[in-house]
Amino acid sequence: MDFPRGQTFFGPDFAREESFTCDAVVIGSGAGGAAVAWQLSQAGLSVAIVEEGRKYEPHQLSTKQSWALRHIYAERGTSLATGNLYLPLPRGKAVGGSTLLNSAICFRTPAPVLADWQRDFGVDWADAAALAPVFAEVEQAIGVAKTQPFQARAHNLVFKQGVDALGLQGDFISRNAPGCVGCGLCQLGCPVGGKGSVDRNLVPYALEKGAALFTSTRATRILVENGTAVGLEAHAVDPLSEVRLRKLTFKSRLVFLCAGAIGSPMLLLNQGLSLESGQVGKNLHVHTAQGVAARFEQVVDAWQGPTQGYYVPLDGERAVLETFSATPDIFAIQYDAYSKPMSQLRHLAACGCMIADVSTGEVKPGKSETRSAVTYRLEPKDQAVILKGMREITRIYFAAGALEVHPGFHGASTFRSLADYDAFVAKGLTLDQMSVYASHPMSSCRMSADRTKGVVKPTGESHSVKNLYLADASVFPTALGVNPQITVMTTAVMIARQALRG
Ligand SMILES: Cc1cc2nc3c(=O)[nH]c(=O)nc-3n(C[C@H](O)[C@H](O)[C@H](O)COP(=O)(O)OP(=O)(O)OC[C@H]3O[C@@H](n4cnc5c(N)ncnc54)[C@H](O)[C@@H]3O)c2cc1C
């Protein structure tokens, strides 16, 4: 590479157009891009990581929601899918990508999901036993450990109490948060550096091996000659106005597109690249979820302790029930029945049901280079699984002694018993009455051995552009039913290793 290795460059600092040469350029520094850069640089390749967002040290992060939305969330936190409902769809834009602001939940890909990938999409390496050492390597690199009971605090423990009372099989959640102090601010970026988001491990590991990181630098066009990727045209961007500044060109033998399940299809569609399968942007899954809050006699202070510390698989479904917390301002908006006086919020605990959605959506570029236009239709089958999960959470909270639950349905405030919940739902709920949320976009450039079914091969290489690899959540053939970051990193490691073998 013809510039100092191991360094971080702030794109807007370049006073004029520049051109660089390296072995591989990696677009995006989130879960997928960081894992690819880690692998390639360990193998001795010169790697340039191009990231649209900025690099933040823990002390530079503010604990304010408004600051976080403006600085570390893509589209300033306003990304939304529309279709037969409005679905908030947040994602990160910073070094570390969405891992900077995630809850640090770590699950391995469920074996039945991998079996589906192998059987239906020809992903030959998708085997739970064969992947076990790779999962372990990733988990070790990002510091995964199970939440301990003494760390869990009241909002997780009160849910566990209900789970135990009903004899269900729950467990504490494993998280990559080795230095967690339980401040409840994960989704604003960890202000004490206690979370093992990839900006604190895989990206620095890559830099130690000589990779270079270009921040506030947006990939704008993948360079292709005779059907082979040969580099990237990028632009330094102003971090706040997002306008393009100087052009930076990277000539490279390999190009890895890891801009996430919204960013990767947007770049391909904007450029009209690798579209032959007709699948770019399609088949989007999001792990649709909805929360239930419960009010207890005792003080819970849900914002203390790991944000998401305990879970139960939903019986008979590819879905999980996971405790969650948020800052009091978020609870006050979502569960407004308890916001006057706000002291009532101290008595709330909350848990969400997150499903492996069979419903699909589509990603298209929006009105500007940084805006997405995402559509999604929630199918009745998925709505039924969410409602089943919410009922189970309600049952668990009443078993734990809740005074009432608040499901967040429009047109219903609080329920005093499971029978109240059943009676309300039996009347029929429109989609508009739901308060669904999703933060796991995936599958929008899925991999498949069949070039008519997938954008990339099981190796991650585009079916139509040689040496162009995709390695992020966009390549998942299906939804998972568990939080995806470990699957993203493991998939990216497998793709990088296959690319290294050539
Ligand atoms: C609020 C929230 C909470 C979550 N909680 C969890 C959790 O607890 N556990 C879990 O497993 N998962 C969680 N997730 C999901 C998980 O973080 C993501 O699935 C994972 O990070 C996706 O990895 P990725 O590489 O596909 O994309 P990302 O991690 O989103 O990274 C994509 C990167 O590409 C950059 N980029 C995009 N376009 C361009 C461009 N044109 N040029 C340059 N750079 C570009 C973006 O700025 C971003 O940094 C959460 C997500 C959110 C939003």
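Reply: What follows starts with the cysteines and the spaces in the protein, then turns to a helix, a tryptophan and some backbone details. The model is a predicted one.

A disulfide is a covalent bond between the sulfur atoms of two cysteines. With a cut-off of 2.5 Å between the sulfur atoms, the count of disulfides in this model is zero. Cysteine 180 is in no disulfide, and the nearest cysteine sulfur, which belongs to cysteine 186, lies 6.0 Å away. Cysteine 180 is partly exposed, because its relative accessibility is 30%. Cysteine 351 is likewise in no disulfide; its nearest cysteine sulfur is that of cysteine 353, at 8.3 Å. Cysteine 351 has a relative accessibility of 0% and therefore counts as buried.

Searching the whole structure gives two cavities of 30 Å³ or more. The volume of the largest cavity is about 110 Å³. It is lined by 17 residues, and those closest to its centre are Arg175, Cys180, Cys183, Cys186 and Cys190. Sorted by class, the lining of the largest cavity holds ten nonpolar, five polar and two charged residues.

Another cysteine to look at is cysteine 106, in the loop between strand E5 (87-88) and helix H3 (111-121). Its relative accessibility is 8%, so cysteine 106 counts as buried. Leaving out residues up to four places away in sequence, cysteine 106 touches Ile142, Val144, Ser174, Arg175, Asn176, Gln485 and Ile486. Arg175, one of these contacts, is also among the residues closest to the centre of the largest cavity.

By class, 14 of the lining residues of the second largest pocket are nonpolar, two are polar and five are charged.

Next is helix H10, residues 418-426, where Leu418, Tyr421, Phe424 and Val425 are buried. They span an arc of only 125° around the axis, which means that they sit on the same side of H10. An α-helix has 3.6 residues a turn, so residues three or four places apart point the same way. Ala419 and Ala426, on the other side of H10, are exposed. Helix H9 (380-399) is included in what covers the buried residues of H10. After H10 comes glycine 428, with a positive phi near 95°.

Tryptophan 67 belongs to helix H2, residues 65-71. Its relative accessible area is 19%, and buried means under 20%, so tryptophan 67 counts as buried. Apart from neighbours within four places in sequence, tryptophan 67 is in contact with Tyr56, Gln60, Leu61, Ser62 and Ile72. Methionine 354 is 287 residues from tryptophan 67 in sequence, and their C-alpha atoms are 27 Å apart in space.

The backbone details come last. Most residues other than glycine have a negative phi, and most peptide bonds are trans. Arginine 153 is not a glycine, yet its phi is positive, at about 70°. Arginine 153 lies in helix H5, residues 149-165, and is partly exposed, with a relative accessible area of 37%. Serine 216 also has a positive phi, near 45°. Serine 216 is in the loop between strand E9 (212-215) and strand E10 (217-225), and it is buried, with a relative accessible area of 0%. The peptide bond from lysine 340 to proline 341 is cis, its omega being near -5°. Proline 341 is found in the loop between helix H8 (328-334) and strand E16 (348-355).

Note on methods. Residues numbered from 1 in each chain as written. Predicted model: local features only at pLDDT ≥ 70, side-chain atom pairs only at ≥ 80, totals over all residues. Heavy atoms only, no water. Buried < 20%, exposed > 50% of the residue type's maximum accessible area, 1.4 Å probe, protein only. Helix = DSSP H or I, 4+ residues; strand = E, 2+ residues; numbered from the N terminus. Arc of directions from axis to C-beta. Contact = heavy atoms within 4.5 Å. 1 Å grid on protein atoms, 1.4 Å probe; cavity = no way out; pocket = protein on both sides within 12 Å on 5 of 7 lines; lining within 4 Å. Points joined across faces, edges and corners; volume = space filled by probe spheres on them. Nonpolar A, V, L, I, M, F, W, Y, C, P; charged D, E, K, R; others polar.
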